[in-house]
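Grab a pencil and work through the exercises below. Each one has a task and then a solution in steps.

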Amino acid sequence: STHCISSAASDVYKRQEYTTTLSERLASMSNYDAALAELEKAAEVEFQVFLEQARKLSVERNLAAKQLSKKITQSMHLLGMPEGLFQIAVTQCEATANIHGIDSVEFQVNTNPGQTLMNMAKVASGGELSRISLAIQVITAQRDDTPTLVFDEVDVGISGGTAEIVGKLLRELGQTAQILCITCLLYTSPS
């Protein structure tokens, strides 16, 4: 009989504990809307802070893009594309914000007179892409730590003085990185 009383008391205690747990859960559910509203408000505040920083980053990206575009265009002229034009297009779009900011970046190029600037990957030939890549690598070599660079068709459509310039640039890059260059011209071999 003592065992029955002990068992009954245990059952009552477990029911009270369960009732308390259910009451706590019910209370937290009734505060759910308020808690959610508070979290949404905090998230919006943080998003505004993010947007402010992203806008500052965008201004810096645009300045750097203009400077780098000018330098790459000048290098393109030396590399057998005298009418070439290179532009880094930085476009802000807050609706597509992500961990990298609010900008989309596109490399645009015009390699022939009369053409409009277009996405580099869509309009540049293999040789042009290699030479533009070479220009970018030479210009950014001071800030970049790439151990190996591969250039294929860097000499397509060039000869003489332009080929010598390509060779000099490859040798310059060879001071800070290993260069693998597939070439048919002795001038462009970065020996």
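**Exercise 1.** Work out whether Phe86 is buried or exposed, and find its aromatic partner.

*Solution.* Start with the area: Phe86 has a relative accessibility of 2%, so Phe86 counts as buried (buried is under 20% relative accessible area, exposed over 50%, partly exposed in between, with a 1.4 Å probe and protein chains only). Bear in mind that this is a predicted model, where local features need pLDDT of at least 70, side-chain atom pairs count only at pLDDT 80 or more, and totals for chains, interfaces and linings use all residues. Residues are numbered from 1 along each chain as its sequence is written, and side-chain values use heavy atoms, with hydrogens and water left out.

Next, the rings. The whole structure holds two aromatic pairs (rings of Phe, Tyr and Trp, the latter by its six-membered ring, with centres within 6.5 Å; planes under 30 degrees apart are stacked, over 60 edge-to-face, the rest tilted). One of them joins Phe86 and Phe107, with 5.3 Å from centre to centre and 65 degrees between the planes, hence edge-to-face.

Then place the partners: Phe86 sits in strand 1 (residues 85-92) and Phe107 in strand 2 (residues 103-110), 21 residues apart. Helices (H or I, at least four residues) and strands (E, at least two) are DSSP runs, numbered from the N terminus. Finally, Phe107 has a relative accessible area of 32%, so Phe107 is partly exposed.

**Exercise 2.** Describe how helix 4 and helix 5 are arranged and which residues make the contact.

*Solution.* Take the axes first: those of helix 4 (residues 126-140) and helix 5 (residues 160-173) come within 10 Å and cross at roughly 40 degrees. The two helices are therefore oblique to each other (under 35 degrees is roughly parallel, over 145 roughly antiparallel, 65 to 115 roughly perpendicular, the rest oblique).

Now list the contact (heavy atoms within 4.5 Å). Helix 4 brings Leu134, Gln137 and Val138, while helix 5 brings Val166, Leu169, Leu170, Glu172 and Leu173.

**Exercise 3.** Sum up the chain's secondary structure.

*Solution.* Count five helices and five strands, then read their order along the sequence: α-α-β-β-β-α-α-β-α-β.

Technical notes. Axes fitted to C-alpha atoms, helices over the stretch in contact; angles between N-to-C directions.
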